[in-house]
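The following note sets out several points on the structure for the attention of colleagues. It is arranged as numbered paragraphs.

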Amino acid sequence: MATHTFGTREVEVLGSWDTVVVGGGTAGASAGISAAREGDRTLVVERYGSLGGSPVHALVTPMMDSRAPHGRNLHEIERRLNEIGVTTREDGDRMGYVWFTPEALSEVLETMLLEAGGQELLDATLVDVDVVDGRISAIAVMTVEGLRAVVAQQFVDATGDAVLSRMAGVPCAAGDDAGNNQMSSLRFEMGGIDVERYRQYCLSLGDNFSPMVDGFFWESAMVAGKGFKLEPLFRQGVADGVLEESDLVYYQCFSLPGEPGVMAFNCPHLPELKNNVSAMARSEALADGRRRIRRLVTFLTRYMPGFEHAFLVREASMLGVRESWRICGTYTLDVDDYVARARFDDAVARGTWYIDVHSATKGLVHMEKYQPGEYYEIPYRCLTNQVVRNMLTVGRCISTSFLVQASVRIQQTAIDMGESAGRACARALAAGVELADFDGRGLLG
Ligand SMILES: Cc1cc2nc3c(=O)[nH]c(=O)nc-3n(C[C@H](O)[C@H](O)[C@H](O)COP(=O)(O)OP(=O)(O)OC[C@H]3O[C@@H](n4cnc5c(N)ncnc54)[C@H](O)[C@@H]3O)c2cc1C
């Protein structure tokens, strides 16, 4: 039996791969797919029972607008969603959103990974790392068998929270100048909604928030103090004691393709959770979120036209974290790059989403939106660091400033950077170059 030593502990080796991706979420699944496609023996380690991360387990849908040229994976994900009956666009692409259901996305990602020859280790949580001379030699994961060592030539940290990077000693930042993280949310879904009646009610109020006034897809929102037409109804809920004032901070919902009568809610915000890098605070926020969901469900079914027969379908099993830790990598993408629509020779992804901060202290902070056709690029050096030579970090925790993270974090961008990272792993390995020394050119798919 082969073993690997972590400190003083001998751990049985589960196996050995070229590339191991830790975290099978938005960026990680994409990284695993492209590393496997380019020929690496690839394993994706995921703590939950299926791939997908935030879009699947935190119920974050749809994918926000990003009209920059995208990589192969995103196009293929969308094509496959449509092939299994999920209509991802119904608007001639007026919004640029990709509409999907969590289970369909999870199915598509798994199929793509396995077809590419990649493997997944589900229900397995990263708990330790062995770093020798600036290289990760193995990670320890908790599995149903117990603690097991996973050995690889190179690793990708796609945990969202930079878990592997932090364990390996990569310096990280978190939050804004005051240390406050972006607002987290606990999302949920309701069914039995008469969406058409809801839509007509909103339109009758002169509510023109949703860019789509016809067709199946429907989006609705209310943010207190911003002139939303739904606010008086929510205020009535507060006056009647059904809602609390803090429930009015942010309300938003989206229809789901192929699921008539079901809507996905991008709320409640969890205003108590200003610092989400605390384990206890996160746990308390989950309980707070569930209480808020119950209040919202009661309010909607009692007050909102179209919700008379609606019911709670499910609450997210994963906290919706917009921002937590960000690695301090080789290059830190900053607001200047966003403003300059920066271009890089080592680009791994292109972003167009605006700087969209859900601030725990300042409400919504938005910066200038791009015109159609404009985009900035994210350099490979935002994925590398000066501490660990054989690891990339992808997803919402790459090396950016707090403000730029609020643009980089959306799903289409995360999928693209994951794809480039997987490609980099295969090419660096083939060239016998450490990921930290790889030049990152020619990675865009
Ligand atoms: C409330 C909310 C609303 C949002 N709204 C939108 C939206 O409408 N549209 C949009 O495009 N984007 C939206 N976003 C942003 C976007 O969904 C996320 O930023 C993006 O999905 C993050 O991708 P990621 O790959 O970095 O992390 P994730 O997709 O979260 O993946 C991380 C994965 O790592 C796994 N993991 C973590 N720790 C471990 C460990 N120790 N061991 C093993 N596995 C581990 C997790 O289980 C997870 O599967 C929203 C985000 C939030 C929180």
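1. What percentage of the 445 residues of the chain count as buried? In this predicted model, the buried share is 53% of the 445 residues.

2. The secondary structure of the chain consists of eleven helices and 19 strands. The chain has a radius of gyration of 22 Å, close to the 22 Å given by the globule rule for 445 residues, so it is as compact as a globular protein of that length. The C-alpha trace spans about 65 × 45 × 45 Å along its principal axes.

3. Among contacts in the chain with a separation of 6 or more, 76% join residues 24 or more positions apart.

4. The ligand is surrounded by 37 residues, and the closest are G23, G25, G53, G320 and G395. By class, this shell comprises 15 nonpolar, 15 polar and seven charged residues.

5. At least two residues of the shell around the ligand come from each of helix 1 (26-37), helix 2 (54-57), strand 5 (125-132) and helix 11 (411-431). Helix 1 provides the largest share, three residues.

6. Helix 11, which contributes to the ligand shell, also packs against helix 3 (residues 72-83) at an angle of about 125°, with the axes 8 Å apart. The two helices, helix 3 and helix 11, are therefore oblique to each other. On the helix 3 side, the contact involves R72, N73, L74 and I77, which meet Q412, I415, D416 and E419 of helix 11. The residues of this contact divide into three nonpolar, two polar and three charged.

Technical notes: Residues numbered from 1 in each chain as written. Predicted model: local features only at pLDDT ≥ 70, side-chain atom pairs only at ≥ 80, totals over all residues. Near = placed C-beta within 6 Å. Helix = DSSP H or I, 4+ residues; strand = E, 2+ residues; numbered from the N terminus. Nonpolar A, V, L, I, M, F, W, Y, C, P; charged D, E, K, R; others polar. Axes fitted to C-alpha atoms, helices over the stretch in contact; angles between N-to-C directions. Parallel < 35°, antiparallel > 145°, perpendicular 65-115°, else oblique. Contact = placed C-beta atoms within 7 Å. Rg over C-alpha atoms; globule rule 2.2 N^0.38 Å. Buried ≥ 20, exposed ≤ 12 C-beta atoms within 10 Å, placed from the backbone.
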